[in-house]
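The tour moves from one selection to the next and says what is found at each stop.

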Amino acid sequence: MIISFEGIDGSGKSTQARRLMGRLSQFKTELLYVREPGGTDVSEKIRSLLLDPEISIVPFAEMLLFSAARSQLVEEKIKPFHEKGGIVICDRYFDSTVAYQGGGRGVAETDWLESFQRKVTQGVWPNRTYLVDVTVEEAQRRLASRLTGQETPDRMEQAGFAFFERVRETYHQLAQQDPDRFLVIDGHQSEEQVELAIWEDLKQWLKVD
Ligand code: ADP
Ligand code: TYD
């Protein structure tokens with residue numbers, strides 16, 4: 001099974017991906033946590049390029065770099081693990097590219113990006129996607145309190161408010177188009193409440209109590 005977490009930066013999705021790992025570790029099942037971009041040597045190198053605030057990357061090249069990092073991750077880690085029957089938790093997956101590079105940067109239409117991502121992922125698609133949804137104002141408040149005095153925002157975090165509004169809106173459209181895969185969770189609730197909402201849903205899929 002493949003479970004992905006999506007949402008704008010600062011929505012709280014990594015917190016939830018970690019909490020879910022904690023819950024699932026009680027069960028006798030093989031678990032893999034992957035964070036995008038990253039997770040392999042090549043993908044981590046691409047990650048440092050993509051997030052470096054000193055580097056300028058044109059939108060289409062940005063889309064290809066996120067996709068290149070993903071292609072390597074799918075082939076090296078996600079696909080073999082999934083084929084062995086393990087549970088993969090993806091802290092972001094291809095929906096991020098559709099929302100950020102499609103909606104946010106406007107590089108291409110959703111349909112085109114989705115069919116491209118079918119190739120990038122070799123059709124390895126999530127069974128369930130949790131969209132942790134918060135307003136851009138709330139996400140930015142959370143990010144501001146996470147950043148310490150010295151740390152500068154990464155290259156993607158430097159995109160403006162309107163960019164994140166478009167990303168959030170695109171996520172909403174994706175969730176509406178595919179209600180069987182997506183569950184939208186109100187991320188303004190406490191961490192515990194969000195965790196519980198996800199668990200209540202997932203346990204039906206896993207057939208556990
Ligand atoms: P993301 O992975 O979506 O960027 P994080 O999980 O890193 O977000 O969370 C961003 C910040 O918000 C962190 O400082 C985290 O502790 C805090 N946070 C996460 N979930 C909540 C929540 N439900 N309520 C308030 N703050 C939260
Ligand atoms: P990260 O620090 O992992 O952010 P977060 O904790 O919010 O996930 O940085 C990843 C950044 O890259 C984040 O701003 C989202 C962006 N991104 C894309 O624009 N496209 C993508 O396909 C992926 C996977 C991430």
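Start with ligand 2 and the 16 residues around it, of which Asp 9, Arg 70, Arg 92, Thr 97 and Gln 101 come nearest; a residue is near a molecule or strand if one of its heavy atoms lies within 4 Å of it. This is a predicted model, in which local features need pLDDT of at least 70 and side-chain atom pairs count only at pLDDT 80 or more, while totals for chains, interfaces and linings use all residues. Residues are numbered from 1 along each chain as its sequence is written, chains are lettered from A and ligands numbered from 1 in the order in which they are written, and side-chain values use heavy atoms, with hydrogens and water left out.

**Stop 1: polar contacts of ligand 2**

The side chain of Arg 92 places an N or O atom 2.7 Å from an oxygen atom of ligand 2. For Arg 70, a polar side-chain atom is 3.0 Å from an oxygen atom of ligand 2. Lys 13 has a side-chain N or O atom 3.0 Å from an oxygen atom of this ligand. On its own, ligand 2 exposes 550 Å², and the protein buries 94% of that (accessible areas come from the Shrake-Rupley method with a 1.4 Å probe; for residues, only the protein chains shown count as cover).

Next, colour by secondary structure. Helices (H or I, at least four residues) and strands (E, at least two) are DSSP runs, numbered from the N terminus. At least two residues of the shell around ligand 2 come from each of helix H1 (13-24), helix H2 (41-51), helix H3 (59-83) and helix H4 (94-104). H4 gives the most, with four residues. By class, the shell around ligand 2 has seven charged, five nonpolar and four polar residues; Ala, Val, Leu, Ile, Met, Phe, Trp, Tyr, Cys and Pro count as nonpolar, Asp, Glu, Lys and Arg as charged, and the others, Gly among them, as polar.

**Stop 2: the backbone at Arg 92**

Stay on Arg 92, in the loop between strand E3 (87-91) and H4. Arg 92 is not a glycine, yet its phi is positive, at about 85°.

**Stop 3: ligand 1**

Select ligand 1 with the 14 residues that surround it; Gly 10, Ser 14, Thr 15, Arg 146 and Gln 189 are the closest. Which side-chain atom lies 2.4 Å from an oxygen atom of ligand 1? A polar one of Thr 15.

H1 and helix H6 (136-146) are the elements that give two or more residues to the shell around ligand 1. H1 gives the most, with three residues. The shell around ligand 1 divides into eight polar, five charged and one nonpolar.

**Stop 4: the largest pocket**

Hide both ligands and show the protein surface. On a 1 Å grid over the protein atoms alone, a cavity is a set of points where a 1.4 Å probe fits but cannot get out, and a pocket is an open set with protein on both sides within 12 Å along at least five of seven lines; lining residues have an atom within 4 Å of a point. The largest pocket has a volume of about 880 Å³, where grid points are joined across faces, edges and corners, and a volume is the space filled by probe spheres set on the points. Among the 41 residues that line the largest pocket, Asp 9, Gly 10, Lys 13, Ser 14 and Arg 146 are the closest to its centre. H1 gives the most to this lining, with five residues.

**Stop 5: the cis peptide bond**

Go to the loop between E2 and H2, where Pro 37 is placed. The peptide bond from Glu 36 to Pro 37 is cis, with omega near -10°.

Key. Polar contact = N/O pair within 3.5 Å; in protein donor to acceptor, adjacent residues only side chain to side chain.
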